[in-house]
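Look at the sequence and the structure together.

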Amino acid sequence: MNGRGLVQEDENSGYPLHQLYFYLTDECNLACRHCWIAPGYLNATTATSFLPFDLFVSIIREAQPLGLTGVKLTGGEPLLHPQIAEIVTFVRDEGLRLVVETNGTLMTPEIARILASCKGAFVSVSLDGADAATHEWVRGVPGSFAAACAGVGHLAAAGLRPQVIMTVMQRNQDQLDAVVRLARSLGAGSVKFNLMQPTARGETMHARGEALTIEELVTLGRWVEDELASRTDVRLIYGHPPAFRPLGRIFGSDGDGCGVCGVCGIHGILGVIADGSYALCGIGEIVPEMVFGHAGKDRLADVWERTPVLNEIRERLPEGLTGVCRRCLMKGRCLGSCLAQNYYLSGDFWAPFWFCEEAERAGVFPETRLVHGAEKEGNRLKRPVLEHVE
């Protein structure tokens, strides 16, 4: 067998592969200054580098016996894929649940209608400001604000209730209320406020002081959940870890669980990047050791069941977490928030999540969510050794 990180023994088949995250292309028609993957900018409507359709179909076929129930299409910009309509139609015909993350600028009424015909379709569109000047400062391309708004409108007209995603930063922090009103007027069903991750381009923005401070982020989160949410019928989600969320927002009758898409399912998710490689997630685009094999060479079952990194995550979460995450009462729900981010910053999956670590350092981590007197560090597990099998 060829591939990276694969071994021939110790199969771990106890974890169904519920969802594949397809990063359909490593190109994007926008030049977002905060992007955590930093795809190549393409001033076009069709990608030149993308996952072949037949390989996409082959991967789905291999994943279905492993428990596949849904796929997420993202990128780069997934709508750049020249066969996006065929991809979505195939997902629909296979009865798989579909999630799409898009910047919305290439959304058409036709694509929106195909998306709406899919099982449990959920589409998010990025809007980083309530006006063109703000949004396009973030996204880097003139005209992208109007195009994104039109994209949300096409989805709503097709019967979907798309989610608007706004990444909060110094430049747009005063526009959250206005973005919620805009999203509602366009027909969106929810708004999610993302933290700007210190990865790739986002790392540069953090270094330049263009991100909000940890104190500002914590205060903003309280305002969104305690005040802003009470003034609108649009569902609001603030992307801080569960330790910072009111318990009613997690466990109440109107709660939304952890509120951070994907983390609760880390044991059942695998990424597929544009060249057909299997990876922990899109982090494989910029961290080569997070690539575990290739769809053209390796059996998906072998990658899923025998990759040491994946099995280490299964075996050690959440008790392997260190620092404030180890002592957090919510670690069983949060699972470290984003192991890929932890690894990117420190070369250590088990390091505390940057947001929580900074909050503890600044004295704004909720004391009621900590186990006091617990071991602070524990056995710190460093960068795993990836075996290469020829």
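## A pair within one helix

R113 and E110 both lie in helix α3 (residues 109–116), 3 residues apart, so about one helical turn separates them. Their side chains meet in a salt bridge, with 3.7 Å from N to O. A salt bridge here is a side-chain nitrogen of Lys or Arg within 4 Å of a carboxyl oxygen of Asp or Glu. E110 is partly exposed, with a relative accessible area of 46%; buried means under 20%, exposed over 50%, and partly exposed in between (1.4 Å probe, protein chains only).

This is a predicted model, in which local features need pLDDT of at least 70 and side-chain atom pairs count only at pLDDT 80 or more, while totals for chains, interfaces and linings use all residues. Residues are numbered from 1 along each chain as its sequence is written, and side-chain values use heavy atoms, leaving out hydrogens and water.

## Pairs between distant parts

A search of the whole structure finds 14 salt bridges. In one of them, D177 pairs with R231, the closest N and O atoms being 2.4 Å apart. D177 lies in helix α6 (residues 176–186) and R231 in the loop between α8 (214–226) and β9 (235–238), so the pair ties together parts that are 54 residues apart in sequence. Helices (H or I, at least four residues) and strands (E, at least two) are DSSP runs, numbered from the N terminus.

The side chains of D233 and R184 also form a salt bridge, at 2.8 Å from N to O. This pair links distant parts of the chain, with D233 in the loop between α8 and β9 and R184 in helix α6, 49 residues apart. D233 counts as exposed, at 59% relative accessibility. Salt bridges with shared partners join D177, R181, E227 and R231 into one network.

The largest nonpolar core has 120 residues, and F193 is among the members that touch the most others. Such a core is a set of buried Ala, Val, Leu, Ile, Met, Phe, Trp, Tyr and Cys residues joined through side-chain atoms within 4.5 Å. Apart from this core lies another, of 5 residues, including V138 and M196.

## A buried asparagine

N29 is found in the loop between β2 (27–28) and β3 (40–41). It counts as buried, at 9% relative accessibility. Its side chain has a polar contact of 3.0 Å with that of N103 and one of 2.8 Å with that of T105. A polar contact is a pair of N or O atoms within 3.5 Å; within protein, one must be able to donate a hydrogen and the other to accept it, and residues adjacent in sequence count only if both atoms are side-chain atoms.
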